[in-house]
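Notebook open. I want to know how the ligands are held in this complex. I start with the pocket and then go through the contacts.

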Amino acid sequence: MTIGGHGTDGVERRGLMFVLSSPSGAGKTTLSRLLIDRMPGLRMSVSATTRAMRPGEVDGRDYLFVDKLRFEAMVKGDELLEWATVFDNRYGTPRAPVEAALTAGQDVLFDIDWQGTQQLREKARADVVSVFILPPSAADLEKRLHSRAQDSDEVIRKRMSRASHEMSHWAEYDYIVINHDVDDAFAEVQSILKAERLKRERRIGLVGFVRGLQGQLQG
Ligand SMILES: Nc1ncnc2c1ncn2[C@@H]1O[C@H](COP(=O)(O)OP(=O)(O)OP(=O)(O)O)[C@@H](O)[C@H]1O
Ligand SMILES: Nc1nc2c(ncn2[C@@H]2O[C@H](COP(=O)(O)O)[C@@H](O)[C@H]2O)c(=O)[nH]1
């Protein structure tokens, strides 16, 4: 599924699935937007959800907003790569755009919870790179949920009460980033992606490249 494009050095490389998870409000969306803006060759996976649209969200850009019937049909039709119920709503990753991006040689960025990450890992362990984002403190997390000003106090309470459970999955992730400062956290996440892109096992063109170099040395 993930055979694809070329790195900046022209060597063919397997595409990777770059996953960010965290308790709600720790900063996944913020970091994802920066990654998409600043890292060429990275495409955002736009999830389907049954939750209501927040002010400022755009259908098709932030999520595909669907009703429960449509979501069920997507599950039954095997249209989702993974899906889960989070905060009483359904969320899932449409399969086709992810496969198309990977086949075209792009990496794909996912903002999904621990349940979805487990499902992706079961399907394609070698191609999944997962990062868990932690807030610096519980007080900061709550402040961020309020400062986003998009959820009711009741929704924020629910998200805070689920934060500890979500965080209990931190040790399943490949990398942990503590989001004190957005620029620092972004630099760390960016470094992880850059290093993972250079991993030998993903760079399937290296054998041919090295053979070519050896040929030049012998010839
Ligand atoms: N390092 C930071 N310092 C201060 N505020 C931050 C930081 N990172 C993110 N924020 C702010 O915190 C709020 C929540 O961030 P964001 O929406 O990115 O979280 P999230 O993890 O995607 O949440 P959810 O899981 O609910 O979608 C936003 O208002 C964002 O601007
Ligand atoms: N397993 C999945 N989880 C997803 C997906 N899309 C988003 N999410 C997670 O849901 C919560 C809540 O998101 P919000 O936008 O309502 O704040 C958050 O943890 C997301 O990471 C998905 O496709 N699959």
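I looked up where ligand 2 sits, and it is in the largest pocket of this predicted model. I take a pocket as an open set of points on a 1 Å grid over the protein atoms alone, where a 1.4 Å probe fits, with protein on both sides within 12 Å along at least five of seven lines. A molecule sits in it if more than half of its atoms lie within 2 Å of its grid points. Strands here are DSSP runs of E, at least two residues, and helices are runs of H or I, at least four.

Then the polar contacts (N or O pairs within 3.5 Å). Tyr-63 puts a side-chain N or O atom 2.5 Å from an oxygen of ligand 2. Tyr-91 has a polar side-chain atom 2.5 Å from an oxygen of ligand 2. On the nitrogen side, the side chain of Asp-113 has an N or O atom 2.8 Å from a nitrogen of ligand 2. Alone, ligand 2 exposes 510 Å², and the protein buries 96% of that (Shrake-Rupley, 1.4 Å probe).

What holds ligand 1 through its oxygen atoms? A polar backbone atom of Gly-25 is 2.9 Å from one. Arg-148 brings a polar side-chain atom to 2.9 Å from an oxygen. Arg-159 has a side-chain N or O atom 3.0 Å from an oxygen of ligand 1. Alone, ligand 1 exposes 630 Å², of which the protein buries 78%.

The space taken by ligand 1 is the largest pocket. Helix 1 (28–38) and helix 5 (138–148) are the elements giving two or more residues to its shell. That shell has two nonpolar, nine polar and six charged residues. Of the 17 residues, Ser-24, Lys-28, Thr-29, Thr-30 and Asn-179 come nearest.

Last, confidence. The chain averages a pLDDT of 94, and 97% of the residues score at least 70 (per-residue confidence, 0 to 100). The predictor gives an ipTM of 0.97 and a pTM of 0.95.

Residues are numbered from 1 along each chain, with chains lettered from A and ligands numbered from 1 as written. Local features need pLDDT of at least 70, side-chain atom pairs 80 or more, while totals for chains, interfaces and linings use all residues, and side-chain values use heavy atoms, without hydrogens or water.

Terms used:
A polar contact is a pair of N or O atoms within 3.5 Å; within protein, one must be able to donate a hydrogen and the other to accept it, and residues adjacent in sequence count only if both atoms are side-chain atoms. On a 1 Å grid over the protein atoms alone, a cavity is a set of points where a 1.4 Å probe fits but cannot get out, and a pocket is an open set with protein on both sides within 12 Å along at least five of seven lines; lining residues have an atom within 4 Å of a point. pLDDT is the predictor's confidence in each residue, from 0 to 100. A residue is near a molecule or strand if one of its heavy atoms lies within 4 Å of it. Ala, Val, Leu, Ile, Met, Phe, Trp, Tyr, Cys and Pro count as nonpolar, Asp, Glu, Lys and Arg as charged, and the others, Gly among them, as polar.
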